[in-house]
Amino acid sequence: MIIQNTPELGRLNGYMEAMSCCLQGSNYVIWFSAKGIKLEDGDLEPETLDKLAIQKNSQEATPDLEMQRLIQLAYPGAKPELATMCECYHASTVLTTRINSFIARINPSDGFKNVEKSKKRNLITSFWRNVNECIDYQNARVFQYNPAFDVDDELWDFIFWGFTFLIVNQEQRQCLLIHAGASD
């Protein structure tokens, strides 16, 4: 596993930084981050990912050592050994719904308040276009990372509608971790 710093990932992070500036408001400071990881031969085999697949009772599981290593490669301050993860059923739908809802919940800054809804939709559409330039998320497996409560985890989002998703496209041999949160 190798951290990627591609031009596409740079554009995505730049877009997310600009988006977070546009969406500042209320009592929150909003942040987004994305980290790309190139998989090498033998990294994250389907069997490893299958351990986090949603079972009949939707139980979350502590990620195994390989998945913990991947999370900490991207976010060294994360505590994946204390966290839980699960695979998202209907991955693309869950991913887009959660992220679009996160963006929709944010009260825009004064300079952005009077922007019509179609322009906010364009903001979301452009976000997904940038994500898709980094990874084919519609043909990938998506896992939700849930940090433990009361633990100093870099991926703690401070709000119940924040998120951390790991998108794994085994055909492309790459992963994308997308994280967003807010604090006051």
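## A first stop: Phe165

Leaving aside neighbours within four places in sequence, Phe165 is in contact with Cys88, Val94, Leu95, Arg98, Ile99, Val142, Phe143, Gln144, Leu176, Leu177 and Ile178. Contact here means heavy atoms within 4.5 Å. Phe165 is found in strand β5, and with a relative accessible area of 0% Phe165 is buried. The word buried stands for under 20% relative accessible area, exposed for over 50%, and partly exposed for what lies in between (1.4 Å probe, protein chains only). From Phe165 to Asn146 there are 19 residues in sequence and 9.1 Å in space, C-alpha to C-alpha.

This is a predicted model, in which local features need pLDDT of at least 70 and side-chain atom pairs count only at pLDDT 80 or more, while totals for chains, interfaces and linings use all residues. Residues are numbered from 1 along each chain as its sequence is written, and side-chain values use heavy atoms, with hydrogens and water left out.

## The overall layout

Now for a wider view. The protein chain has five helices and six strands, and read along the sequence they follow the pattern β-α-β-α-α-β-α-α-β-β-β. Helices (H or I, at least four residues) and strands (E, at least two) are DSSP runs, numbered from the N terminus.

Of the 184 residues in the protein chain, 48% are buried. Among contacts between residues at least 6 apart in sequence, 74% join residues at least 24 apart.

How many of the six residues of strand β4 are buried? Six of the six residues of β4 (residues 141-146) are buried, so this strand is largely enclosed by the rest of the structure. In a regular strand the side chains alternate between the two faces of the sheet. In β4, Arg141, Phe143 and Tyr145 point one way, and Val142, Gln144 and Asn146 point the other way.

Two strands pair if DSSP finds at least two bridges between them. Strand β3 (residues 84-87) pairs with β4 in the antiparallel sense over four bridges, and Met85 stands opposite Tyr145 in β4. β4 and β5 also pair in the antiparallel sense over four bridges; here Val142 stands opposite Ile167 in β5.

Phi of Arg173 is near 60°, a positive value in a residue other than glycine.

## The nonpolar cores

A nonpolar core is a set of buried Ala, Val, Leu, Ile, Met, Phe, Trp, Tyr and Cys residues joined through side-chain atoms within 4.5 Å. The largest one has 28 residues, and those with the most contacts inside it are Leu12, Phe127, Val131, Ile167 and Leu176. At least two residues of this core come from each of α1 (7-22), β2, α4 (91-105), α5, β5 (163-169) and β6 (174-183). Which element supplies the largest share of this core? That is α5, with six residues.

A second, separate core of 19 residues includes Met1, Leu49, Leu70 and Tyr75. Not counting residues up to four places away in sequence, Leu176 touches Leu9, Leu12, Ala34, Lys35, Gly36, Val131, Cys134, Ile135, Phe165, Leu166 and Ile167.

## Aromatic rings

Rings of Phe, Tyr and Trp (its six-membered ring) pair if their centres lie within 6.5 Å; planes under 30 degrees apart count as stacked, over 60 as edge-to-face and the rest as tilted. The count comes to three aromatic pairs. One of them joins Phe32 and Phe127, a tilted pair with 6.4 Å centre to centre and 45° between the planes. Phe32 lies in strand β2 (residues 29-38) and Phe127 in helix α5 (residues 117-134), so the pair ties together parts that are 95 residues apart in sequence. Phe32 is buried at a relative accessible area of 11%, and Phe127 is buried at 0%.

The rings of Trp128 and Tyr137 have centres 4.8 Å apart and planes at 40°, so this pair is tilted. Both Trp128 and Tyr137 are buried. Together, Phe32, Phe127, Trp128 and Tyr137 form one aromatic cluster.

## Cysteines

How many disulfides are there? The count comes to zero, where a disulfide is a pair of cysteine sulfur atoms within 2.5 Å. Cys134 is buried with a relative accessible area of 13%, and Cys175 is buried at 2%.
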